[in-house]
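User: I'd like a quick tour of the helix packing here. Let's take it pair by pair.

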Amino acid sequence: MTGSFLEEPPASPQVQALYDEDLADGGYVWNVSRLWAHQPGTLRQLFGLMSEAFTPSGLAFRQRGILVTAAASALGDSYCSMAWGGKLGKASDPALAAGVLSGSDARLTDQEKAIAAWARKVATDPNATTQADIQALRDSGLDDGQIFAITAFVALRLAFSAINDSLGAQPDAQLAQSLPREVRQAVTYGRPAAQAPAA
């Protein structure tokens, strides 16, 4: 079982390098890596673009996590919601991450509330954004260069999610089991996590 609608590609040094990174990081190969093993070079370039887009924002890892979890949850992407909800929970606290995943931003700063709202709008209906939305970001302390940076970052994340979701990437059982209860319970949408591997 590959954890997606596609079969795993044939073994190659590039595929094995992708799998080896997962094994070194978490002890198992992620379903999303098995999917992207069809084009590991594209995955590396896409992640490089995401980093290149986000860096000029000058924002911290916590804000990056808020952008991803807000966009992923608005899109209904359970895989990225779980993965980044877990990361955001570690960078802040699980209740804050669960709040962003469920659309409640009470624990966020005013600037973080503004970027979470923006990420959700970009994910759900980018043609419905207005000059007032941009002004809200400016009022929170972001300049136009930062606004462009977070928008480009979110758009690239959405491209990643669209590929994963379209091709049936299923959240890993190990990922779901590793999450704090609050984060796991907040993800009630998208594809369910895979069953735990047999002992």
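**Helix packing**

User: At what angle do α4 and α9 pack?

Analyst: The axes of α4 and α9 sit 10 Å apart; helices are DSSP runs (H or I, at least four residues) numbered from the N terminus, and axes are lines fitted to C-alpha atoms over the stretch in contact. Angles run from 0 to 180 degrees between N-to-C directions. On that scale, α4 packs on α9 at about 45 degrees.

User: What kind of model is this?

Analyst: Residues count from 1 along each chain as its sequence is written, and side-chain values use heavy atoms, leaving out hydrogens and water. Local features need pLDDT of at least 70, side-chain atom pairs count only at pLDDT 80 or more, and totals for chains, interfaces and linings use all residues: this is a predicted model.

User: Are α4 and α9 oblique or roughly parallel to each other?

Analyst: α4 passes α9 in a right-handed crossing, with the near helix turned clockwise from the far one by less than a right angle. Roughly parallel would need under 35 degrees. The pair packs at about 45 degrees, so α4 and α9 are oblique.

User: How are α4 and α5 set relative to each other, roughly antiparallel or oblique?

Analyst: Helix α4 covers residues 61–75, and its axis lies 9 Å from that of α5, at an angle of about 150 degrees. The crossing is left-handed. Over 145 degrees counts as roughly antiparallel, and therefore α4 and α5 are roughly antiparallel.

User: How many charged residues does the contact of α4 with α5 have?

Analyst: α4 brings Phe61, Arg62, Arg64, Gly65, Ile66, Val68, Thr69, Ala72 and Ser73, while α5 brings Cys80, Ser81, Trp84, Gly85, Lys87, Leu88 and Ala91. Eight of these are nonpolar and five polar. Charged residues number three.

User: And how many charged residues are in the contact of α5 with α6?

Analyst: The axes of α5 and α6 (residues 94–102) come within 7 Å and cross at roughly 145 degrees, in a right-handed crossing. Ser81, Gly85, Leu88 and Gly89 of α5 touch Pro94, Leu96, Ala97, Val100 and Leu101 of α6. Six are nonpolar and three polar. The charged tally is none: no charged residues.

Definitions and conventions: Helices (H or I, at least four residues) and strands (E, at least two) are DSSP runs, numbered from the N terminus. Angles under 35 degrees count as roughly parallel, over 145 as roughly antiparallel, 65 to 115 as roughly perpendicular and the rest as oblique. Contact means heavy atoms within 4.5 Å. Ala, Val, Leu, Ile, Met, Phe, Trp, Tyr, Cys and Pro count as nonpolar, Asp, Glu, Lys and Arg as charged, and the others, Gly among them, as polar.
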